[in-house]
Amino acid sequence: MTPFHLAFPVDDLAQADKFYCQVLGCQRGRASGTWIDFSMFGHQISAHLKPGAAGNGVKNDVEGVGVPIPHFGVILDMDDWKTLAERLESHDDIDWIERPFVRFIGKPAEQATMFIRDPSGNALEFKGFASMEAIFTSND
């Protein structure tokens with residue numbers, strides 16, 4: 001696997017640090033007064049201080065669910081996805097967009113998914129697959 005890098009805006013670095021480390025379980029990396037790097041399941045994400053730049057965006061319909069655009073996240077094997085879902089559900093202050101559910105049931109690309117917002121309003125999606133080979137499988 002080759003890790004990806006994503007930079008995104010946040011309103012408050014201390015709040016982002018707490019959320020990404022304590023809630024999502026990311027590891028904190030390098031930081032300055034205007035950004036913090038995190039390891040999210042081995043991928044580098046960088047929260048950059050830019051108050052007011054994050055937001056709710058628009059939504060696209062996927063099987064009757066309004067999926068926020070833009071969003072980011074990771075694809076996990078099903079056991080890790082279930083562990084993360086339980087971790088998030090144990091927090092009373094999660095801003096849920098869509099609680100954990102399974103989409104494309106019975107189709108080749110069946111997947112578990114959940115959507116949350118970070119404290120700045122950035123949308124995140126976490127997907128779970130029983131088989132990683134199904135990630136790019138068509139449902140046709």
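Predicted model: local features only at pLDDT ≥ 70, side-chain atom pairs only at ≥ 80, totals over all residues.
Residues are numbered from 1 along each chain as its sequence is written, and side-chain values use heavy atoms, with hydrogens and water left out.

So where does Glu-63 sit? Look in the loop between β5 and β6. Helices (H or I, at least four residues) and strands (E, at least two) are DSSP runs, numbered from the N terminus. The two strands β5 and β6 make a hairpin with two residues between them, and Glu-63 in that turn has a positive phi of about 50°. Glu-63 does this although it is not a glycine.

## The strands on either side

β5 and β6 run antiparallel and are joined by five bridges; two strands count as paired if DSSP finds at least two bridges between them. Pro-70 itself is in the loop between β6 and β7 (72-77).

## Salt bridges

How many salt bridges are there? The count is four, taking a salt bridge as a side-chain nitrogen of Lys or Arg within 4 Å of a carboxyl oxygen of Asp or Glu. Side chains of opposite charge can pair when their charged atoms come close.

Glu-63 turns up here too: its side chain meets that of Lys-107 in a salt bridge, 3.7 Å from N to O. These partners come from distant parts of the chain, 44 residues apart, with Lys-107 in the loop between β8 (95-103) and β9 (111-117) and Glu-63 in the loop between β5 (58-62) and β6 (65-69). Lys-107 is partly exposed, at 39% relative accessibility.

Another bridge ties Arg-28 to Asp-17, whose closest N and O atoms are 3.1 Å apart. Here strand β2 (residues 27-31) supplies Arg-28 and helix α1 (residues 13-23) supplies Asp-17, 11 residues away. Arg-28 is partly exposed, with a relative accessible area of 45%.

Then there is Glu-125 with Arg-103, at 3.4 Å between the closest N and O atoms. Glu-125 lies in strand β10 (residues 123-129) and Arg-103 in strand β8, 22 residues apart. Are these two buried or exposed? Glu-125 is buried at 7%, and Arg-103 is buried at 5%.

Phe-104 has a positive phi of about 55° although it is not a glycine, and it is buried at 17% relative accessibility.

## The nonpolar core

The largest nonpolar core has 29 residues, and Tyr-20, Leu-24, Met-40, Leu-88, Ile-116 and Phe-126 have the most contacts inside it. Such a core is a set of buried Ala, Val, Leu, Ile, Met, Phe, Trp, Tyr and Cys residues joined through side-chain atoms within 4.5 Å. In soluble globular proteins, nonpolar side chains tend to be buried together.

Take Phe-126 as an example: leaving aside its neighbours within four places in sequence, its contacts (heavy atoms within 4.5 Å) include Leu-24, Met-40, Val-74, Trp-81 and Ile-116.

Note on methods. Buried < 20%, exposed > 50% of the residue type's maximum accessible area, 1.4 Å probe, protein only.
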